[in-house]
Amino acid sequence: MTLYAFYFLSFLAVLSALMVVFSRNPIYSVLYLVITFVCVGCHYLLLSAEFLFAVHMIVYAGAIMVLFLYVIMLLNLNKEDEAHKSNYLRFAAVISAGLLMMVVVAALRGAEASQVDFSTVSNIGKVKVLGNLLFNEFLLPFEIVSILLLAAMVGAVMLAKTHMKRTAEPTHKKNGRASVANQNITTNIKELTK
Amino acid sequence: MNAVYILSGLGIFSLLSEIFNIRKVLFPIVLLGLAAAALLLIMDWNSVQSYYSNMLTFDNYAVAFSAGISIVALLWFMMSKDYFENNTHVTDHFALVLFSLVGAVFMVSYSNLAMLFLGIEILSISLYILAGSKMKDLFSNEAAFKYFLMGSFATGFLLFGIALVYGVTGSFDLNIIAETVAAPSVNFPSLLYAGVLMMMVGLAFKISAVPFHFWAPDVYEGSPTVVTAFMSTIVKIAAFAAFFRLFSTCFAAVSSQWVDVVQVITVLTLVVSNITAVYQNSVKRMLAFSSVAHAGYMLITLVALNEVSDSAILYYVVSYATASIAAFTILHNVAFENENVTAEAFNGLVKRNPFMAFTMTVALLSLAGIPPLAGFFAKYYIFTVAFESGYVGLVLLAILTSLIGIYYYFRIIIAMYLKSSDIITPIETPLLHRVLMVICLLASIILGVAPDLIIRLI
């Protein structure tokens with residue numbers, strides 16, 4: 001039963017991952033990506049890692065996908081015309097991706113399925129076990145992530161408050177400036193992506 | 001470990017100083033804090049301590065490199081003070097730099113792959129933003145974007161590699177991985193080697209070794225000069241120290257599997273970067289390629305791994321960083337507002353500011369590796385290490401490429417002394433920059449005359 005579920009989910013994940021790459025409309029790509037994430041999340045369930053499943057759903061299928069959609073719509077990228085890529089680039093990309101796949105497949109072929117003790121495995125994804133690990137062995141990384149998040153947050157604020165002057169200005173003027181700044185950034189990004 | 005607390009505390013303090021309006025005292029406090037961090041680190045010399053269930057290990061290698069990073073950061077803050085004072089977001093910039101220093105310290109002292117990953121990410125995320133900190137400049141935006149995209153891609157490789165290595169060894173701990181890998185007469189699945197190679201790709205990107213260097217010139221050119229200086233000194237030191245620590249301790253037992261790859265990367269880095277640097281008009285771009293080239297010289301120590309490799313690399317890194325900081329300070333002063341200057345901007349510098357011209361000469365000669373400066377002995381020790389390990393061909397190639405290096409460094413020196421310029425107004429430098437130049441000058445000369453101060457340290 002689990003085996004069939006595994007094959008079905010893997011098939012679906014690979015199929016939708018291919019569709020992410022092949023569909024011309026970025027919005028479709030993102031929606032297919034959601035399916036991929038859901039399938040991968042269900043794999044966690046099969047491995048009895050409920051907590052990972054929940055986090056995966058919330059963070060990837062939820063937050064990150066919304067961000068993707070938001071950016072695509074904000075930049076008005078939902079056109080079907082892609083930036084033209086030269087054949088030379090495509091050729092190089094196909095070759096290098098194919099080489100990477102060969103390496104990974106070769107590496108996985110040689111690997112033996114390790115003998116896992118299933119009595120411990122059933123506990124491995126439980127919140128309690130995970131919490132114990134996080135607050136004992138992995139305490140430092142767990143705490144240090146806060147610096148990473150803080151740095152990212154400072155950066156986000158810094159980029160967002162771009163051109164606002166420190167001097168007191170009437171609010172409507174400030175907003176006007178901010179929106180002009182936003183437009184500038186958007187046009188800059190558009191020019192870069194061209 | 002205390003240094004980590006101090007650096008993180010400083011970062012948070014500089015954020016808070018915006019609220020309490022004490023921006024004026026921020027700069028001296030940051031300098032003091034960095035000095036204190038370096039001192040505290042040096043006091044831990046010769047005592048190997050590991051923290052938090054062996055997440056970080058401060059052995060002599062880690063202490064030397066983190067103290068080096070703190071001191072170079074101190075010099076960097078002296079260099080960048082005036083740039084940030086003209087900028088409205090001083091505190092944010094300082095906070096980001098300090099956080100990235102925390103990441104750098106993790107990268108040189110990790111003994112768990114989780115910490116390596118976190119260190120790299122903390123360093124990189126701060127840098128992506130710093131690279132784009134000139135928000136109205138399209139090149140700066142491009143630099144941030146390029147760095148971010150390529151950086152995330154490289155991190156993906158690193159993570160994939162870590163996952164594969166974990167799959168074989170069952171641990172993130174460097175000691176356990178090293179033990180597992182060193183186990184005699186075990187046939188490891190090729191999963192392990194694929195993992196090692198992928199980690200190598202991820203880290204080679206961070207040190208901008210040649211097949212993975214395409215981001216470097218654009219990012220270095222687009223970023224503000226002070227940020228470029230930060231990237232080509234502190235980031236390079238941290239990334240290389242992380243690379244070296246991983247491969248010299250963890251995967252030393254399977255070196256037969258990866259040493260050829262590193263050798264190919266080294267040769268490519270040396271040849272391609274030095275030859276490309278000759279064709280650059282922009283001084284900043286030239287310095288970018290020269291920093292790629294220096295990564296190549298550092299990689300030689302990893303190819304020819306023996307017991308003095310780590311002290312050779314420490315000496316190289318210190319001499320490279322002092323010379324680079326000096327060169328970037330002068331570039332910053334000469335270029336002023338104009339970010340991308342050609343060698344012509346240096347025309348007749350000796351008449352406009354003789355001290356600056358002299359310092360630049362010493363810095364460039366040190367980078368080129370001319371005796372009796374520190375840069376020469378740094379190269380000399382690395383070549384000795386390689387020679388002792390029997391890599392004669394590699395040494396010959398490296399000597400040839402450093403001859404090419406002399407050509408493009410001398411172009412600026414010739415411009416400064418022999419060419420005349422229409423502009424003869426003297427360039428004023430802030431006192432802080434003059435002090436900084438004197439420090440770098442002395443360091444380049446003293447370390448060159450007395451290399452024993454560092455060379456037998458680790």
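This is a predicted model: local features need pLDDT of at least 70, side-chain atom pairs count only at pLDDT 80 or more; totals for chains, interfaces and linings use all residues.
View 1. Residues are numbered from 1 along each chain as its sequence is written, with chains lettered from A and ligands numbered from 1 in the order in which they are written. Helices (H or I, at least four residues) are DSSP runs, numbered from the N terminus. Among the buried residues of H16(B) are B:Phe377, B:Lys379, B:Tyr381 and B:Phe383; a residue is buried if 20 or more other C-beta atoms, placed from the backbone, lie within 10 Å of its own. Just after H16(B), B:Gly390 takes a positive phi of about 90°.

**View 2. B:Ser232 in helix H10 (residues 225-250) of chain B.** B:Ser232 counts as buried because it has 27 C-beta neighbours inside 10 Å. Leaving aside neighbours within four places in sequence, B:Ser232 is in contact with B:Tyr220, B:Leu287, B:Ser291 and B:Ser324; contact requires C-beta atoms, placed from the backbone, to lie within 7 Å.

**View 3. The side of chain A that touches chain B.** Here 28 residues of chain A are in contact with 30 residues of chain B. Helix H4 (87-110), helix H7 (139-160) and helix H8 (171-193) of chain A each give two or more residues to this side. The largest share, 14 residues, comes from H7(A).

How values were computed
Two residues are in contact if their C-beta atoms, placed from the backbone, lie within 7 Å. A residue is buried if 20 or more other C-beta atoms lie within 10 Å of its own, exposed if 12 or fewer, and partly exposed in between; C-beta atoms are placed from the backbone.
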